[in-house]
Amino acid sequence: MRLPPSSLDGRRPTWAEIDLSSLAHNFRVTKEEVGPGVSVMPAVKADAYGHGAVECARALERAGADWFGVALPEEGARLRDAGVRSPILCLGGFWKGQEELVISRELTPVIFCEESLERLDAAARAAREVVDYHLKVDTGMGRLGVPPGRLESFLDAASGLENARLDGVMTHFAAADDPLKSEFTNGQMRLFERALELVRRRGHNPTWIHQANSAAAHARLQARGNLIRPGGIIYGIWRDSTDRTVPPLDWRPVLSLHTRVVLLKTVPEGAPLGYGCTFVAQRESRIATLPIGYNDGLRRGLSNLGRVIVRGEFAPVVGRISMDLTMIDVTGVEGVEAGDEVIIIGRQGEREITPEEIAASLGTISYEITCGISSRVPRFYV
């Protein structure tokens, strides 16, 4: 039986473990695949997909990460405050009033409209600095980016600015993980190449050219440019975020989620369990209560649907998952005792539960599962 982390003494026995050696391994195998001419920007936005941005960024920086991708300037500032020195790209740009934060923390913003560019240039001029930015072109994702039809007018405006320098051009794929939408992705790539040609014809000489997320970085050599932006594969989450027609690399799981049995009881046949009495025992049953619930990220949709691992065997979730507690049926698992470790995500013996499995049962994606593990679940870095 695994012992709990010593720092859990006197606390609720529910925790997540982050394997930093697997994180570094995933980075290295990805870096080796794309080769020496392509830099790697791990995405550490959303608290590194729930894994802990500061700790993961430090480990990835030691492993040789060239850049980091965040969604918000606040996320970038937190990394800077923690001592991360690698370049940081703010993928979601910045909000009005954050120009000084971007400049003072040496963050590189993504720009997708003229108004933001003008504000950045004005703030850089006031600070007597020249600030680099990356131009995002919308080639079909439809969220952020300068549409190809407006690119010429954007570049005309950019050419008149002296303190904001276009140093990167990027786009984002909508369906690079789906081989059935390959032609759509090819169309995005063609639009991007035409946009890049126009940028260069207008006198800009960007250092960084990037469009590849996890799926494209792995499956599409021609999409790599000189910088890729892997997300899920860095965290060992790949089954629902890459093109499965292409063999995966040796990506290893990074996060596991654990708890322990706090109470065991025998209930008679016909006993209802949990809110709404949605489960009724079909036999005399041995029921274990776990100190984890939907406020921790164990999704309520897994009620009477999900499963966990205890003593190396699967055990089903029974009744509704509540805010802080969950019940499982261990009638078929021999020898379960109070204090036994229970795996919510991860491996025990020959059994494994992945974020992708949980996501598939809920009709969502694995990223939502790991991002949804709440801050009240302590992370331990191995």
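A cavity is a set of points, on a 1 Å grid over the protein atoms alone, where a 1.4 Å probe fits but cannot get out, and its lining residues have an atom within 4 Å of a point. The model is predicted, with local features needing pLDDT of at least 70 and side-chain atom pairs counting only at pLDDT 80 or more, while totals for chains, interfaces and linings use all residues. Residues are numbered from 1 along each chain as its sequence is written, and side-chain values use heavy atoms, without hydrogens and water.

**View 1. Lining of the largest cavity.** L257, G297, L298, R299, L302, I344, I345, I358 and I369 line the largest cavity. Its volume (the space filled by probe spheres set on the points, which are joined across faces, edges and corners) is about 40 Å³. The search of the whole structure finds 1 cavity of 30 Å³ or more.

**View 2. The open sheet of 6 strands.** The strands (DSSP runs of E, at least two residues, numbered from the N terminus) follow the order β3-β4-β5-β6-β7-β8 with parallel pairing; two strands pair if DSSP finds at least two bridges between them. At the edges, β3 (68-70) and β8 (208-210) each pair on one side only.

**View 3. C90 and the pairing of β4 with β5.** Strand β4 (residues 88-90) runs parallel to strand β5 (residues 108-111), joined by 2 bridges. P109 in β5 is the bridge partner of C90.

Note on methods
1 Å grid on protein atoms, 1.4 Å probe; cavity = no way out; pocket = protein on both sides within 12 Å on 5 of 7 lines; lining within 4 Å. Helix = DSSP H or I, 4+ residues; strand = E, 2+ residues; numbered from the N terminus.
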